Amino acid sequence: MSVTVLGHGALAELLRSEVQCETPSTVIVVGVDGAVVVESLLDLTDEMIDVIYEQPMQQVIINLQEAHERGSHRIVVVVPTTGMSGGAGLVAQSALAESARVLVKSAARQWGQAGITVNAVAVEPHWFDIDPDVSGPVSIAPRSLVGQVSPVGVVSWLCSQTSGDITGQTIVCDGGLWM
Amino acid sequence: MSELRLKNRVAIVTGAGQGVGEGIARRLAQAGATVVVAARRAETGEPVVESIRSAGGLAVCIVTDVSVSRSVDECVEQTVQQFGRLDIMVHNAFMGGIPHKLEQAQIDKHWTSMSRTGVWASLFCARAAMPYLISSSARPAGQGGGRLILITSPSGIEGSANIPLYSPAKAAQRAITKSLAREWGQHGVTVNCIGPVAGSPALLRAFGRNPALQSAIEARTPLGRVGDITQDIGSVALFLSSDDSSFVTGQTIICDGGSFLGL
């Protein structure tokens with residue numbers, strides 16, 4: 001196993017147990033905490049900005065640097081689609097998700113010449129404890145695919161040798177909810 | 001002063017002592033708004049105020065450090081005390097942007113100032129202005145309309161090879177815009193972003209350091225030039241501030257002459 005999965009929670013555990021490949025890879029599950037809902041921006045304190053946004057974002061930067069230092073050829077950053085869609089009551093979490101997702105593009109631009117690919121996978125918000133009844137619908141239509149949607153397949157592929165021509169991209173793996 | 005679409009409206013523009021913020025402040029004042037030039041230093045803010053006044057506009061300078069929440073709160077409180085309302089909050093101020101290699105980047109040196117002035121300050125400005133923007137939208141049609149405008153960058157969408165940590169700070173502003181658009185829509189307050197490429201002092205300094213950069217940008221821009229801070233960028237801010245944009249929210253308008261076509 002040459003995959004290192006960084007992060008906490010059920011999604012990180014799933015990826016840690018299921019993703020396998022031969023290419024040295026690092027998967028970073030961003031520390032978006034959707035369980036903390038701030039219904040009014042007036043209630044978002046400076047301390048909460050630090051805990052919900054700043055500290056996890058600094059961790060993303062550090063994790064990317066660690067991935068580079070340990071010689072990963074494939075780096076995959078996993079975020080909820082909430083960064084792209086926005087989410088009511090989740091302004092700091094959405095900022096974190098989008099910051100991490102776009103940092104992927106900067107990293108891809110800098111590290112491409114070294115043969116390192118850096119991509120993002122955007123997954124259904126529930127993986128980050130985000131309640132769509134609170135954050136608002138991300139689509140006027142129901143999810144296209146029914147049943148459980150797992151990001152294991154797409155993360156495994158992005159960690160594999162065969163995805164070597166793909167970098168700086170975001171693959172949305174949510175069963176067709178956010179289009 | 002031929003078009004006074006913002007007559008009786010009050011706007012705060014952060015970072016208005018120079019560059020894009022100055023251009024937006026001038027354009028909003030031309031449209032009749034009373035403009036608070038929120039600048040970190042009076043030495044840059046006051047000349048902009050004088051210039052606006054000499055052109056027949058209304059403006060004051062309030063020294064504001066957007067990276068400090070209390071300073072932003074005080075700016076908003078002074079504005080409302082002096083003018084009785086706040087309709088438009090434009091957060092443009094930003095500090096940072098030292099070229100770096102991502103693997104060697106240091107949090108304190110390469111990230112903190114951009115995070116504080118880009119991400120944190122966007123939240124500070126939104127939080128402080130929120131009650132007044134909602135009040136503005138509660139006024140009769142044509143007499144108000146709360147507007148929050150954040151100044152992002154095309155790099156917040158496409159990443160940056162030269163300043164990689166600039167991009168996440170700017171990307172966060174787009175997400176904040178979308179989230180607050182969802183939250184504040186029920187109050188009639190709109191929240192939008194502008195992604196400019198304009199002849200700001202920062203860009204002009206970059207051109208000075210690297211003349212090839214200017215020709216490269218102009219070559220990839222269909223309109224063949226960088227934007228004017230007042231007429232090109234300020235006019236987009238005017239549209240988003242006015243009643244004409246009352247059904248536009250959660251959006252990013254890239255104002256760069258067509259250089260970035262990736263949306």
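Predicted model: local features only at pLDDT ≥ 70, side-chain atom pairs only at ≥ 80, totals over all residues.
**View 1. Where chain A meets chain B.**
In this view, 43 residues of chain A are in contact with 41 residues of chain B. Together the two chains bury about 3300 Å², and 61% of that area is on carbon and sulfur atoms. Polar contacts cross the interface too, with 24 residue pairs found between chain A and chain B. On the chain A side, helix 2 (46-69), helix 3 (82-85) and helix 4 (91-111) each supply at least two residues that touch chain B. Helix 4 of chain A gives the largest share, 13 residues. Sorted by class, the side of chain A that touches chain B has 20 nonpolar, 16 polar and seven charged residues.

Look next for Ser69(B), which is found in helix 3 (residues 69-83) of chain B. Leaving aside residues up to four places away in sequence, Ser69(B) touches both Asp46(A) and Arg127(B), as well as Phe124(B). Ser69(B) counts as buried because its relative accessible area is 14%.

Over all chains, the structure holds 15 salt bridges. One of the pairs shown here is Asp244(B) with Arg5(B), whose side chains meet at 2.8 Å, N to O. Asp244(B) lies in the loop between helix 9 (229-241) and strand 7 (252-255) of chain B, and Arg5(B) in the segment before strand 1 (10-14), so this pair ties together parts that are 239 residues apart in sequence. Asp244(B) is exposed, at 52% relative accessibility, while Arg5(B) is partly exposed, at 32%.
The other pair is Arg9(B) with Asp243(B), where the closest N and O atoms are 3.2 Å apart. Arg9(B) sits in the segment before strand 1 of chain B and Asp243(B) in the loop between helix 9 and strand 7, so the pair links parts 234 residues apart in sequence. Is Arg9(B) buried or exposed? Arg9(B) is buried, at 2% relative accessibility, whereas Asp243(B) is partly exposed, at 33%.

**View 4**
Glu22(B) and Arg26(B) form a salt bridge, their closest N and O atoms being 2.6 Å apart. Both residues lie in helix 1 (residues 19-30) of chain B, four residues apart, which is about one turn of the helix. Glu22(B) is buried at 16% relative accessibility, and Arg26(B) is partly exposed at 21%. Elsewhere in the view, salt bridges link Arg70(B), Asp73(B), Glu74(B) and Glu77(B) in a network.

**View 2. Cysteines without a disulfide.**
Over all chains, the count of disulfides is zero. Cys193(B) is buried, with a relative accessible area of 0%. Cys255(B) is in no disulfide either, and its nearest cysteine sulfur, that of Cys193(B), is 13 Å away. Cys255(B) also counts as buried, at 15% relative accessibility.

**View 3. A buried threonine in chain A.**
Thr26(A) has its place in strand 2 (residues 25-29) of chain A, and counts as buried at 0% relative accessibility. Its side chain makes a polar contact with the side chain of Arg70(A), at 3.0 Å. Residues that Thr26(A) touches, beyond those up to four places away in sequence, include Thr4(A), Leu6(A), Ala67(A) and Val76(A).

How values were computed
Residues numbered from 1 in each chain as written. Chains lettered and ligands numbered in written order. Heavy atoms only, no water. Contact = heavy atoms within 4.5 Å. Buried area = accessible area lost by both parts, 1.4 Å probe. Polar contact = N/O pair within 3.5 Å; in protein donor to acceptor, adjacent residues only side chain to side chain. Nonpolar A, V, L, I, M, F, W, Y, C, P; charged D, E, K, R; others polar. Disulfide = S-S within 2.5 Å. Buried < 20%, exposed > 50% of the residue type's maximum accessible area, 1.4 Å probe, protein only.
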